[in-house]
Amino acid sequence: MSEASITLPKEVKYTSQGQPWHKLPSLSLIAGVVLTVVGFIFQPGKQILFSYLQAFMFFLSIGLGALFLVIVHHIFDANWSVPTRRICENVAATFLPTLFPLWLPIAIFSGQIYDWMSGDTEFAVALEAKEAWMNTTWWWIRGFIYFAFWSWLSLYLRNLSLNQDKDGSSRHTHVARRWCTRLILFYAISLTLAAIDWTKSLQIGWFSTMYGVYYFAGSVWVTLATLYMFSLLMKKEGPLSTLLGTKHFKAMGTLFFAFTVFYAYIAFSQYFIIWNANLPEETFWYAVRDVGSWRGLGMLMIFGHFFVPFLVLLRIDAKLNTTLMVLVGLWAWLMHLLDLNFIIMPVLHPEGFSPSLLDISTWLMLFGLLTTLFMKSFRAHPAFPIKDPRLGESLSTH
Amino acid sequence: MDTNSQQLHGLLAQFDTPADLMHAAEKIRDHGFSRWDVFSPFPIHGMDDAMGLKNSKVGWFTFVGGSTGFTVGLLMIWFMNAYDYPLIVGGKPFFSPIFSFPVAYELTILLGALGTLIGMAFLNRLPRLHNPLLKNQSFKRATDDKFFLVIEASDAKFDLEETRKLLESTHPVSIEEVQE
């Protein structure tokens, strides 16, 4: 398709004002803060730390998922993802640098969250063997390294894209591709290590080589759901309305479906290998999650995180049914949050699934803060890469 | 009926460009024909819509194949390990969906793929050794540089004169009658 046939919208920025949902981020932030205070009064103690960790890991999922989508866009040189790339760039470049200071409360109170730090753990033997890596100083330094890397990469990739908006040079695309092909390895390593540091080390004695990719699969899954829903919103009222078509939603829906299966594949493999080997130092992690209502939540993960979305998304026309996709997208948010709950909370509540007001309030707080920052950044720049070399190709219907 | 004269297969219209073919297809679609097809040397984007083709039904064959594979896989492991010859392996139960899952999963893929293949062949009425169009000399250029549209005589709406007029209105290069 030739350059000449592209008709760009006159206004390339998102300028819509006064939509009912625009109030959502600030309302959510206020409600989150108020409810967190109320929740803490009624439930003092460690609950707030664990709830906060859960909400933090949830939004880290979306930040890292968005960064991943930008990276794979550059590596595969795809054309369908051009109009939605700016959304991902902005999510990554606002979420990840903001989550850096938001990680500090976890780091400061880490001694109360991670029992291995205080040495008061039932896995003293395992900890001794792992001490060269799992010691508090190195844990702190690693956290800084992850965030420095993620923040730099997400901001750098967005800057390349914004510079291309100005001069239209294809050089930026090539530079981005060169960085992404090399750095995706470090992305994978940092994500894996971060997941191990911040959630897996809650039970330091456990082993699982699937853990990082398990978090990754759930993260990209929930990010694709989010991207699909936000793209729908932008098609309704933003400059993307003339850009996004069946092709783009089909691609996003298909990828969302693929990650539904990928998550299940990883989750099952992890369980299957441990179940088959039947070694006590591995099975205890699942044994803890087989107690009381945790068993029910585990079943919900099998059916709600996998089977239901799988069967619903199986048909190609389902991926284009907007009402259905919004429902599945919101369901994916709930499932990912409960998945994190299943990973994190049995440490605090071995007796069974114990939802808390703080689970919701910390989530609302981070949601409000991060989406406010995201919308600010999204409004400040063109809503899509206006001079991307593949934009014309992307706008053709097929 | 004269037994010597051959039976009519359909009307074949030839076009020079994909755009002409596409416009013709839109017109034929709007007239509600069902037994007709287009032929081109390469895939034409947007032709499915121009022909009014719905999503393929092959998916249903895949789904039935996959579901059968999954069920058969689970039943097979249950039958072998827990019913016909109960065997304790590694202290595991006689039957569990956990260890039968890889087998069920493989059979889901195998029968799903076979279902797709068989469904595709069935819906395309394959295998078929011959198509009357292949006797037509000009039709050979469908694999080279010409674009064709054929309406079969077996279509309920087919009427030699009326259909010919309709095809003429789409400005083809030529219209030929193809015999069985």
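**One residue and its chain**

Author: Chain A of this predicted model carries 27 positive and 22 negative side chains, and the centres of these two sets are 13 Å apart. With that setting in mind, the residue to look at is T94(A), which sits in helix α3, the helix of chain A that covers residues 82–108. T94(A) has a relative accessible area of 9%, and because this lies under 20%, the residue counts as buried. When neighbours within four places in sequence are left aside, the residues that T94(A) touches are L373(A), F374(A) and S377(A).

Turning from this residue to the whole chain, one finds that residues 24 or more positions apart provide 85% of the contacts in chain A that have a separation of 6 or more.

As for the overall build, the secondary structure of chain A consists of 15 helices and zero strands. Its radius of gyration is 21 Å, close to the 21 Å that the globule rule gives for 398 residues, so chain A is as compact as a globular protein of that length. The C-alpha trace of chain A extends over about 70 × 45 × 40 Å along its principal axes. Finally, the accessible surface of chain A amounts to about 16,600 Å², and carbon and sulfur atoms account for 69% of that surface.

How values were computed
Residues are numbered from 1 along each chain as its sequence is written. Chains are lettered from A and ligands numbered from 1 in the order in which they are written. This is a predicted model: local features need pLDDT of at least 70, side-chain atom pairs count only at pLDDT 80 or more; totals for chains, interfaces and linings use all residues. Side-chain values use heavy atoms; hydrogens and water are left out. Helices (H or I, at least four residues) and strands (E, at least two) are DSSP runs, numbered from the N terminus. Buried means under 20% relative accessible area, exposed over 50%, partly exposed in between (1.4 Å probe, protein chains only). Contact means heavy atoms within 4.5 Å. The radius of gyration is taken over C-alpha atoms; the globule rule is 2.2 Å times the number of residues to the power 0.38. Accessible areas come from the Shrake-Rupley method with a 1.4 Å probe; for residues, only the protein chains shown count as cover. Lys and Arg count as positive and Asp and Glu as negative; His and the chain ends are not counted. The place of a charge is taken as NZ of Lys, CZ of Arg, CG of Asp or CD of Glu.
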